[in-house]
Amino acid sequence: MSSAVVGDNAPEQAGSHEAFEWLRSQRIDSLNLVVEEYRHRVTGTVHYHLAADNPENVFLAAVRTVPTDSTGVAHILEHTVLCGSKNYPVRDPFFMMIRRSLNTFMNAFTSSDWTAYPFASQNRKDFNNLMDVYLDSVFFSRLHELDFAQEGHRVEFAEADNPESDLLFKGVVFNEMKGAMSSPASTVWQTLTKYLFPTTTYHYNSGGDPEAIPDLEYQQLLDFYKTHYHPSNAIIMTYGDIPAAEHQARIHERALAHFEQLDVHITVDDEKRYHAPVRVQESYAFDEPDEPTDKTHIVLGWLMGPSINLKEQLEAHLLEGVLLDDSASPLRYALETTGLGSAPSPLCGLEASNREMSFVCGLEGSKPENADALEELVLKVLQQVADEGIPTDRVEAVLHQLELSQREIAGDGYPYGLQLILEGLSSAIHRGDMMALLNLDPVLDELREQIQDPDYIRNLVRERLLDNMHRVRLVMVPDTGLSARREQAEAERLARMKAQMSDTEKQAVVKLAHDLAERQEQEDDPGLLPKVGLEDVPDEIHIASGESGELAGCRASFYAQGTNGLVYQQLVAGLPQLEDTLLDTLPYYTNALAQLGCGGRDYLATQALQTSISGGVHASSSMRGAIDDVQTVQGYFVLSGKALARNHAALSELLVDTMETPRFDETERIRELIAQQRASREQSVTGNGHSLAMLAAASGFSAGAALSHRLRGLSGIQYLKQLDDSFADAGKVEDFAERIATIHQRVRSAPRQFLLIGEAERRARVQQDAEQAWSKAAAAADAGFEAFAVSPVQQQVREAWLTNTQVNFCAKAYPTVSLEHEDSAPLSVLAGFLRNGYLHRAIREQGGAYGGGASNDSDNATFRFFSYRDPRLEETLDDFDNAVRWLLEEKHEWRLVEEAILGVISSIDKPASPAGEARDAFFNALYGRTPEQRQRFRQRVLEVSLQDLQRVGETYLKAEQAGIAVISNPSAEQHCRELGLDVKSL
């Protein structure tokens with residue numbers, strides 16, 4: 001690779017440690033950073049550093065992992081690598097460091113062809129501590145056989161010390177993947193890639209197929225580690241204001257200096273291409289009480305070109321945008337309006353992270369006999385685009401979306417630096433040009449010129465799709481008996497294994513269970529790990545500040561933030577009082593509002609306009625309990641939009657149109673939106689079951705908790721399904737349209753204010769744009785406006801919700817206190833204390849769940865225990881009670897309290913995106929959580945003692961007051977009834 005500096009405006013050669021060779025640097029103006037590339041002279045390890053003026057530094061170590069089966073070897077390695085290493089010989093350094101750190105992010109990921117270990121921190125001491133532990137874990141892992149048994153898989157007797165009892169499969173990854181593959185969308189995707197990639201690594205399930213995971217042997221894990229986890233197969237990436245040379249000194253000394261070059265070149269080969277389309281039908285497990293008549297998934301998938309070719313990848317993104325970006329895009333329009341299914345498939349779009357890209361479209365909620373008609377419909381739309389082309393302004397709108405996503409500084413989920421690193425990681429993994437992938441502007445400029453040729457898009461559709469014979473049509477049919485057959489096959493497999501065991505082998509199983517339990521109970525010396533302490537916590541929290549003014553006769557707040565050329569605008573109106581039928585309708589009103597026509601346009605023209613001038617317009621509602629009264633709930637309606645600064649005036653006009661003239665007469669569109677929302681909410685259960693179970697368990701304890709369950713929780717999903725089913729009667733759709741129109745009229749009459757976020761130098765223009773647009777809108781406030789209020793709630797919930805899942809989600813909740821109460825801070829610390837000290841070991845390590853813990857919800861005055869993708873039910877509920885007994889009856893070290901305090905402070909101090917910080921400050925203040933109140937709460941957290949934790953545990957966590965909710969499958973119905981739970985079908 002050339003060591004020449006890249007680009008006309010490239011910076012000077014960056015300084016590097018002597019063990020590293022500098023290869024090149026490139027400034028990327030649109031991201032306000034410099035990308036530097038280095039290579040370790042001995043091992044060949046590549047180091048990319050994204051030098052940015054940002055104190056939230058990010059580190060990521062990644063290795064290419066290319067499985068050749070579905071045993072989950074890469075995924076199980078990801079878990080076991082973090083279970084102790086040469087210099088940190090403790091059983092669980094990863095979770096121990098989470099507690100001993102001020103990190104803003106810590107995790108590990110297994111993708112289809114790489115495994116990555118990222119973290120982020122704003123504290124340099126903490127950052128270096130974490131880097132030491134991560135480097136040691138990745139390159140010097142112990143890989144203890146008992147950790148393989150715990151994290152991967154093992155057999156164990158149902159009664160661990162009784163060889164006469166049934167044999168069972170156990171293991172964290174085994175149960176995690178049972179949960180993951182409970183999702184129909186995951187099953188469809190995994191099955192589609194099996195056929196799209198008949199010979200390469202993507203043919204297999206890198207996470208592990210629960211039927212194949214038990215085939216993995218410990219020695220195979222060790223062999224995979226030796227080749228795949230060598231520095232010669234690794235990529236290291238960093239982001240932030242710490243210089244690359246400083247990182248490199250540590251990386252070299254702690255890890256790379258101990259290795260020589262390994263003659264290994266792990267790569268993914270080109271896939272062998274089909275010469276004719278493939279059509280297949282398979283089944284997925286359907287365990288819901290609904291009729292499976294309209295539950296078939298039909299998808300078409302194409303294998304496209306290499307993802308590391310930036311021009312080819314951006315052309316594929318352009319094609320995806322033109323065909324699927326919004327409801328006015330021809331392919332999405334066809335999928336949304338056809339009667340062949342209920343909604344477009346969640347898989348619709350481009351997959352660009354694998355070595356070769358794939359494009360997918362299709363439907364869910366269909367019938368097997370619709371497959372031919374759907375394929376014909378899709379090909380007809382593609383042929384039409386190839387023949388007639390796409391208007392240039394629609395193609396320009398897609399490029400506008402690519403530019404906007406390139407410029408926007410995100411960071412409200414993952415740290416911004418980590419998002420940039422992950423965007424470039426796949427290219428680096430496949431030995432492409434990561435710098436080019438991050439610097440989109442030159443290619444976007446080139447594409448802007450090319451799209452002026454009307455044949456450009458036509459030819460792309462022909463070459464990449466119509467003439468591409470590597471196409472798979474997959475029909476996934478629901479099978480109500482598949483889960484039972486799988487369980488039967490697993491039981492028979494275990495019975496055969498047991499029947500073939502000698503007494504010696506049975507005793508070995510008993511011994512393994514005993515040794516593992518003993519290891520799980522051992523107390524490691526935390527002093528072996530580095531730490532930060534309360535003395536390292538900054539004195540104050542950073543809170544964005546804004547300035548108040550007036551806009552169109554209403555209060556307006558402007559927050560000057562470094563938004564990199566974007567402007568954010570929100571209209572915030574008081575939520576009106578709503579009768580029960582209208583309250584149940586509220587989430588569907590907010591979802592529909594910005595997806596309907598407005599300003600005299602139909603919804604197709606409005607969607608096209610949104611895409612061409614904005615980064616999206618959407619409505620939402622926000623509700624929170626008062627800081628001093630759990631039964632008082634405030635609510636607001638929010639209409640949000642964002643745009644590049646040059647388009648802010650047009651965005652303002654669009655927001656006014658959305659508010660003033662929505663098309664509630666578009667009843668067919670409303671019906672489509674409800675069907676799509678139903679499909680999305682139903683799919684959320686297997687990935688978000690712990691949150692839904694917590695909402696249900698807490699729903700009897702406060703007005704806010706009851707609302708959350710009713711509108712966002714399981715009760716809301718149940719209502720949505722009934723609503724969608726009722727639309728078989730066209731008159732019901734008309735009635736519903738009238739209800740959302742009624743809500744809108746009340747929202748329009750509510751007192752309102754505005755939130756504007758942008759760069760300081762743009763303030764005058766931004767306010768002028770908004771003033772000009774909103775001053776033309778009808779006067780809002782109505783003297784007779786009645787503000788939102790709900791009745792107090794106090795009851796105990798004990799529920800089991802049955803749905804399509806192979807694993808369980810368990811929750812217990814207790815009524816506590818509002819945010820301003822002096823016990824709120826200790827309750828927040830107690831959640832981490834119980835998770836770190838008891839629940840992690842009992843629920844994850846010993847119980848085999850993928851996750852478990854506790855949280856304190858001060859907005860709704862509830863304390864909640866939860867488990868995630870859990871093979872157990874009753875035992876987990878018992879463990880929640882055992883955690884409280886452990887708190888009250890055992891002796892505890894101050895260290896555990898300090899670690900729990902650090903966890904709460906880390907979450908309070910976690911930075912967001914520039915716009916996110918402004919929104920956070922504004923809405924917190926709106927709900928009475930002023931900077932002074934937030935600082936006061938933070939100080940209370942820092943002052944929490946062990947006695948405080950035991951006092952609030954004894955006061956509030958009383959078993960007889962607990963609300964209980966579990967999510968399970970229909971086969972557990974009888975057991976749930978025996979536990980005294982009210983059984984409901986989702």
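Here are some questions and answers about a sheet and some aromatic contacts in this predicted model.

User: What are the ground rules for numbering and confidence here?
Analyst: Residues are numbered from 1 along each chain as its sequence is written, and side-chain values use heavy atoms, with hydrogens and water left out. Since the model is predicted, local features need pLDDT of at least 70 and side-chain atom pairs count only at pLDDT 80 or more, while totals for chains, interfaces and linings use all residues.

User: In the six-stranded open sheet, which strands stand at the edges?
Analyst: The order is β17-β18-β22-β19-β21-β20, with mixed pairing. Strands are DSSP runs of E, at least two residues, and helices are runs of H or I, at least four, numbered from the N terminus; two strands pair if DSSP finds at least two bridges between them. Each edge strand has a single partner, so one side of it is left without a neighbour in the sheet: these are β17 (547–551) and β20 (617–626).

User: Do β18 and β22 run parallel or antiparallel?
Analyst: Look at residues 554–560 for β18 and 752–758 for β22, joined by six bridges. R555 in this pairing stands opposite Q753 in β22. The two strands run parallel.

User: What angle does helix α23 make with β21?
Analyst: Helix α23 (residues 703–712) packs on the sheet and touches β20 and β21 (629–644); contact means heavy atoms within 4.5 Å. Axes are lines fitted to C-alpha atoms, for helices over the stretch in contact, and angles run from 0 to 180 degrees between N-to-C directions. The angle with β21 is about 50 degrees.

User: Why is the pair of Y838 and W886 called tilted?
Analyst: Rings of Phe, Tyr and Trp (its six-membered ring) pair if their centres lie within 6.5 Å; planes under 30 degrees apart count as stacked, over 60 as edge-to-face and the rest as tilted. Here the centres are 6.0 Å apart and the planes stand at 40 degrees, so the Y838 and W886 pair is tilted.

User: Are Y838 and W886 buried or exposed?
Analyst: The cut-offs are under 20% relative accessible area for buried, over 50% for exposed and partly exposed in between (1.4 Å probe, protein chains only). Y838 has 13%, and W886 has 13%. Y838 is buried, and W886 is buried.

User: How many residues apart are Y814 and F865?
Analyst: They form an edge-to-face pair, 5.8 Å centre to centre with 80 degrees between the planes. Y814 sits in β24 (residues 809–815) and F865 in β26 (residues 862–868), which puts them 51 residues apart.
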